[in-house]
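Hi,

Here is the structure I promised to pass on. Have a look at it first, and my notes follow below.

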Amino acid sequence: MVTYRRVAALSLTFALALAACSPKATGGGSQTPAPAGEQPRPGGTLTFIVNAEPPSYDGHRETTFALLHPIAPHYSTLYKFDPSDLTKVIPDVAAAMPDVSSDKLTYTIKLRTDVKFHDGQKMTSDDVVATYQKIIFPPTGVLSPRAGAYAAVDTITNPAPDQLVFKLKYPSASFATNLASPWNFIYSAAKLKTDIHWYEKNIDGTGPFIYVSNTKGADWVGKKNPDYFGKDKSGTQLPYLDGYKALVITDANAEVNAIRSKQAMIEFRGFTPQQRDDLSRALPNDLAIQEAPWICVNYIVPNTKVKPFDDVRVRQALTLAIDRYAGSASLQKITIVKDVGGLMRPGGPFAQADADLQKIAGYSTDAAAAKTKAKQLLADAGVPNLSFKFLNRNITTPYEPVALFVIDQWKQVGITATHDVKETSAYQADLRAGNFQVALDFNCDFLDEPDLQLAKFWSASGLGKGLNFAYYDDADLDKMIDAQSRETDPAKRKTLVAGIEKYAMDTKAYQYPVLWWYRIIPYLNVVRGWRIGSNHYTNQDLETVWLAQK
Amino acid sequence: MRRYVVGRLLLMIPTLVGVAILTFVIMRAVPGDIVALQYAGSTVPQSVIDEQRHILGLDKPMWNQFTDWMGQIAHGDLGQSLWTGHPVVEEIQIRLPLSIELAILATLFAVAIAVPLGVLAAVRQDSWVDYVIRVFSIGGLSMPSFWIGLLMVLFTITVFNWAPPLIFTPITEDPAANLAGLILPAIAVGYRYSAVSMRMTRSTVLEVLREDYVRTARAKGVRESVVVMRHALRNALLPVVTVISLEFAFLIGGLVVTEQVFNLNGIGKLLVDAVAHRDYTMIQSLVLLLAAVFVLVNFAVDMVYMFLDPRIRYA
């Protein structure tokens with residue numbers, strides 16, 4: 001049933017799907033994670049900053065990076081992204097890449113037999129099945145925000161202690177890659193059976209580091225797991241570090257000061273260009289910098305339930321008025337946005353070529369002509385002097401400068417937008433209640449994957465409920481999104497996605513990005529073996545991180 | 001006296017119940033939802049949001065939520081944080097020692113500066129000494145303590161390549177590390193605090209120095225230092241003690257920005273985070289705690305008055 005060729009084909013699909021996720025290191029400081037030929041040095045404690053705290057310890061139910069950074073080192077996942085090449089999916093507790101049936105409906109996965117939980121129990125397929133049952137088919141009272149990503153899964157079974165089988169209802173292009181989701185920590189079946197909520201307040205994983213302590217609001221400490229199954233290419237036991245300490249620092253100045261005073265070595269989410277430059281000046285010989293495009297974006301979201309934004313001409317005018325290329329040139333100097341792109345991350349595997357993108361409303365390089373057209377559309381719609389409130393959240397980076405830029409662009413076509421800044425909770429309440437005219441929304445994902453990036457584009461009363469804040473219902477768009485999701489040929493899928501971009505951002509102009517974010521990580525150059533990716537969720541198990549002697 | 005003390009303590013109950021009702025209503029009136037915030041920016045379907053609101057009991061009628069909470073309080077249980085699921089008491093216990101210690105250090109620093117300088121300014125009224133002290137105190141009033149703190153950290157990093165430790169060490173574990181972590185914030189906060197007390201000390205001492213009994217003491221040939229310290233200062237201290245004690249109560253939960261600048265894991269930061277998260281049980285419990293601190297400090301001040309001024313008696 002399963003052939004080597006299919007395994008190879010699947011691997012190729014992974015590779016294609018993830019191609020161009022690879023970061024391009026730019027900026028000052030030393031730009032390579034480790035000088036060539038340098039051997040990893042065991043020992044030491046990595047001290048890093050995390051600027052928020054997770055509500056619970058359960059990766060299956062939370063969505064914040066603040067959970068992954070301190071907690072991911074305690075856990076393994078079925079598959080993961082290769083720390084040395086983040087475009088590649090590799091097995092974690094799986095023994096090999098999945099065997100896929102010819103109809104692409106059955107995924108058979110062989111598991112490692114040398115994996116132990118930190119409490120000494122051996123991991124078997126029972127644990128992996130219990131984990132995925134909890135994620136995909138959560139019982140009442142158990143939250144699983146990503147269950148929808150596995151909607152294609154019909155059953156999960158384990159014919160042997162080292163084998164499990166996923167059966168799908170229909171072929172899914174994103175299913176295999178989603179098995180490398182950094183949130184899908186492998187939990188103990190016994191513990192879940194005793195208390196399905198056990199992992200919300202406790203830690204017991206199979207990962208490279210054992211939980212030591214957590215002082216709320218202060219720090220999180222882990223120590224090396226001596227029984228960890230992972231080994232590097234030369235057969236050396238992983239992890240290299242003796243342990244790590246995550247410091248909770250919520251103030252931006254305090255974060256910079258922590259690195260500057262060398263009390264912390266790195267912060268894995270990202271700093272602003274100014275913070276990078278401040279640190280570069282203060283630590284000219286001790287700082288390394290890695291930078292990469294980021295799968296995070298701000299959307300302009302007109303509320304289609306509110307007049308005059310129910311008129312497609314008004315929505316088109318809003319996007320036509322924005323000169324994204326000029327915005328990129330100026331905003332990238334002061335905040336964490338950079339690339340001009342559509343619904344897929346620019347430079348990513350599903351992004352359109354620049355020439356094609358420029359045919360979409362709002363993406364032309366002839367900004368003057370676009371603005372003229374925007375004025376005409378507003379006049380045609382009967383609102384030449386349109387004015388409205390532009391809802392935004394009270395976070396400086398990058399929301400405030402992005403909004404100010406957009407407001408200025410709109411002003412140039414006669415639109416008066418009042419910046420309506422609210423603290424995050426009130427902002428979210430307004431978004432969810434539809435209590436706004438136009439809003440600046442945002443989205444971050446762990447992977448260049450259309451199923452993820454298009455989640456906010458489903459009809460608001462259907463799968464987009466609670467996600468689609470433009471509040472439209474469009475059966476045609478739903479069909480287009482569903483079709484790309486089932487298309488397993490990457491090239492064909494890319495074409496389908498391009499069609500969706502044209503339709504959603506131009507023809508209907510429902511909602512559209514401003515600029516894509518750009519990730520900047522300045523850190524003490526004693527930290528080695530960590531490579532930046534295009535998201536701040538993956539590659540956080542710290543398995544291959546080590547500290548150079550200074 | 002005993003009746004007075006018992007009466008004051010009993011009066012605390014309606015005060016705190018009033019605070020509880022007010023906090024409960026105000027927080028519900030403020031727009032925002034802890035669950036929406038928990039999943040902000042992620043593609044979480046509405047069904048998950050609704051499920052979580054149900055789990056947290058946020059879909060119950062408001063009066064029901066209030067009676068549930070008051071029932072818990074009556075049993076001595078502050079409940080669990082809606083954000084972390086951990087007991088509120090546990091979360092407060094982690095932060096309270098730091099906040100109390102910082103408040104004590106800042107108060108000591110402030111009093112050590114404010115009282116002597118305030119007296120000196122009063123005694124040397126309109127001299128250059130008075131002017132310098134007044135400028136110093138106006139500086140303290142004008143500059144926010146977090147800004148002073150920020151400058152202090154930048155200064156120590158730039159000049160000494162040193163910054164206060166980012167992790168709080170209890171005084172029982174390592175007094176030196178404890179002091180290293182708290183000395184700069186205590187000075188930053190204490191400076192502003194001292195400015196208020198200094199001006200109060202100066203004006204009340206000036207007022208007392210004009211009293212008949214001070215003139216009488218001087219006429220009797222009592223030494224000036226005794227006149228000032230024993231006769232004037234002691235009588236001038238009542239309003240100063242009031243200001244100092246209220247500032248102390250404020251410091252327990254009011255040092256939000258300073259705590260952030262120095263990365264101190266205190267009650268102020270916890271309260272602001274709780275407000276940002278709409279963590280109702282945490283906010284209600286913290287406000288109740290801070291109100292209790294204010295009420296108790298006020299009560300303690302009234303008791304101290306008796307020792308400072310023998311004429312005061314409560315019945």
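**Around helix H12 of chain B**

The buried residues of H12(B) are covered by, among others, helices H2 (34-38), H5 (88-123), H10 (224-253), H11 (256-261) and H13 (280-308) of chain B. Please keep in mind that this is a predicted model.

H12(B) itself runs over residues 267-277 and is mostly covered, with 8 of its 11 residues buried. The buried ones are B:Ile267, B:Gly268, B:Lys269, B:Leu270, B:Leu271, B:Ala274, B:Val275 and B:His277. After the helix comes B:Arg278, which has a positive phi, near 60°.

**Where the chains meet**

Between the two chains, 41 residues of chain A are in contact with 42 residues of chain B. On the side of chain A that touches chain B, at least two residues each come from helix H6 (198-201), helix H7 (252-260), helix H14 (424-433) and strand S15 (438-444) of chain A. H14(A) gives the largest share, 6 residues. By type, that side of chain A has 15 nonpolar, 16 polar and 10 charged residues.

**Chain A as a whole**

Chain A holds 17 helices and 18 strands. Its radius of gyration is 24 Å, close to the 24 Å that the globule rule gives for 550 residues, so chain A is as compact as a globular protein of that length. The C-alpha trace of chain A spans about 70 × 60 × 40 Å along its principal axes.

Of the 550 residues in chain A, 55% are buried. Looking at contacts in chain A between residues at least 6 apart in sequence, 73% join residues at least 24 apart.

Best wishes

How values were computed. Residues numbered from 1 in each chain as written. Chains lettered and ligands numbered in written order. Predicted model: local features only at pLDDT ≥ 70, side-chain atom pairs only at ≥ 80, totals over all residues. Buried ≥ 20, exposed ≤ 12 C-beta atoms within 10 Å, placed from the backbone. Helix = DSSP H or I, 4+ residues; strand = E, 2+ residues; numbered from the N terminus. Contact = placed C-beta atoms within 7 Å. Nonpolar A, V, L, I, M, F, W, Y, C, P; charged D, E, K, R; others polar. Rg over C-alpha atoms; globule rule 2.2 N^0.38 Å.
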